[in-house]
Amino acid sequence: MQSNFKIALIGLSLLLNFSRASAADPVEARPTNTPGRATATLADLFGDPVIARGQGLEIKRSELEDAFTAWKANLAARGQTIAEDQRAFRELQLLDKLLITKLMINRASAGDKTVAKAQAEKFLADSKKDAASEDAFNGQLKALGLSPEQFNKRVTEQALAEAVLERELKSTLSVTNAQVEEFYKSGTDAVVKIMQEELERLAKQPDTSVSQLTAVKQQIEDLKKGNLAKLEQPEKVRVMHLLITTRSRDTEEELPPEQKKLKRQQIEKLLTRARAGEDFAKLVLEFSEDRRLKETKGEYTFSRFDPFVQEFKAAAFTLSTNQLSDIVTTTFGYHIIKCLEKIPARKVELEKASPDIKEALLQQELQNQMPAYFEKLKKEAGVEILDSKYKPDPSKTTPVAKSAKP
């Protein structure tokens, strides 16, 4: 009963990193009529110049415009907009990501392609599974400014770029058990260590005030507390529910009042049977209209913070173990909920938390190493920006803060 939309969880990386042109396409050789002058193509004549190129790649203005349009559509799907005076800066970011993505895809090995194919197929299958129907899925893509073909291609390309990054960079990094234990005990990660170094630097400066030192110390403590909080497993509840939906299985539109009335009568009879002692699990398997019934058998485990429908969560957390709820009405339909287990809040054991902590620390190190790695790729490929609008201005720098979460 999660209310989030899977495709929206792709995040900006998918929409930022890829354009309609394939990064694997070879750069076409241009015949020349006179020395030093290329023959103009139709695209060039109609205003689609190459704005950046390198060995084995080129990016045309239309590609950047497509990427920007897709990015704006993604923002709009989340109820956000971008100010026009920010367009040039965002286009510069998009151009850099297009270049990096094409460079990485050009470096893909046969093994990378095999890994990426499996990952892309799984992601596509999971995304479609969460949609009500093929038409609903395509409608959601349309809202993001994507055709099914564009979506499939971009998922595949992102998976391929990630496979290359995994092999060439991430696989070379490591996190020790001591680092994992330090995070578990004190909440210390790479960001905390950077802040601690800054605190030491400030402490040595004669003009540093007490208030400055105090502020940095507080920042460090807040970061550590925040990291430790991520190791706290909140109270959870494990439930089994029976759903009689009040929406069309094909369109997800609400059913007419007459049909809703019949649905209500149906679930009232099922609640009577359950309270009379019939096996609730059997009733769920026979009558529940939850789309994920085959996968979950009607069982869900969640905390108060997980993205479940609020009415469903509220009812679940009021129940005692083995207690049946009254009929609960949500946007999905009518539910009967049975509490199977109450799981108290606790700190996750080190053994269970270690893989997630290690991955989070590894991601931090990966984020630190990625800028230099990307610059190396661009240098090796001889990347040049042809449009002066997008050439970097050494006098202007825009710091970007990054963080990794376990």
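1. What covers the buried residues of α15? In this predicted model, the cover includes α4 (87–106), α7 (148–168), α8 (177–186) and α9 (190–204). The residues of α15 that are buried are Ala353, Ile357, Ala360, Leu361, Leu362, Gln364, Leu366, Met370, Tyr373, Phe374, Leu377 and Lys378.

2. The length of α15 can be checked against its residue count. With 31 residues at 1.5 Å a residue, α15 should span 45 Å, and its end C-alpha atoms lie 43 Å apart, so the two values agree. The helix does contain a kink, of about 40 degrees, at Gln369. Beyond the end of α15 comes Gly382, with a positive phi near 60 degrees.

3. The largest nonpolar core has 54 residues, and Leu95, Met104, Leu165 and Ile357 are the ones that touch the most other members. Helix α15 (residues 350–380) supplies the largest share of this core, 9 residues. Another core, of 15 residues, lies apart from it and has Ile244, Val284, Leu293 and Leu324 among its members. As background, nonpolar side chains in soluble globular proteins tend to be buried together.

4. Strands β4, β3 and β11 form an open sheet in the order β4-β3-β11, with antiparallel pairing. The edges are β4 and β11; each has a single partner strand, so one side of each is left without a neighbour in the sheet. Strand β3 (residues 50–54) is largely enclosed by the rest of the structure, because 4 of its 5 residues are buried, that is, under 20% relative accessible area.

5. The two pairings of β3 can be taken in turn. With β4 (residues 57–60), β3 pairs in the antiparallel sense over 4 bridges, and Ala52 stands opposite Ile59 in β4. With β11 (residues 384–385), β3 is joined by 2 bridges, also antiparallel, and here Arg53 stands opposite Glu384. The hairpin of β3 and β4 has 2 residues between the strands, and Gly56 in this hairpin takes a positive phi near 80 degrees.

6. Where does Leu243 lie? This residue is found in strand β6 (residues 236–245). Leu243 has a relative accessible area of 4%, and therefore counts as buried, the limit being under 20%. Between Leu243 and Phe287 there are 7.9 Å in space, C-alpha to C-alpha, although the two are 44 residues apart in sequence.

7. Some totals for the protein chain follow. The chain has 15 helices and 11 strands. Of its 406 residues, 38% count as buried. The accessible surface comes to about 23,500 Å², and carbon and sulfur atoms account for 52% of it. Among contacts with a separation of 6 or more, 75% are between residues 24 or more positions apart.

Key:
Residues numbered from 1 in each chain as written. Predicted model: local features only at pLDDT ≥ 70, side-chain atom pairs only at ≥ 80, totals over all residues. Heavy atoms only, no water. Buried < 20%, exposed > 50% of the residue type's maximum accessible area, 1.4 Å probe, protein only. Pairing = 2+ DSSP bridges. Core = buried A, V, L, I, M, F, W, Y, C linked by side-chain atoms within 4.5 Å. Expected span 1.5 Å × (residues − 1). Bend = angle between axes of the 7 residues up to and from the residue. Contact = heavy atoms within 4.5 Å. Areas by Shrake-Rupley, 256 points an atom, 1.4 Å probe, with all protein chains shown as cover.
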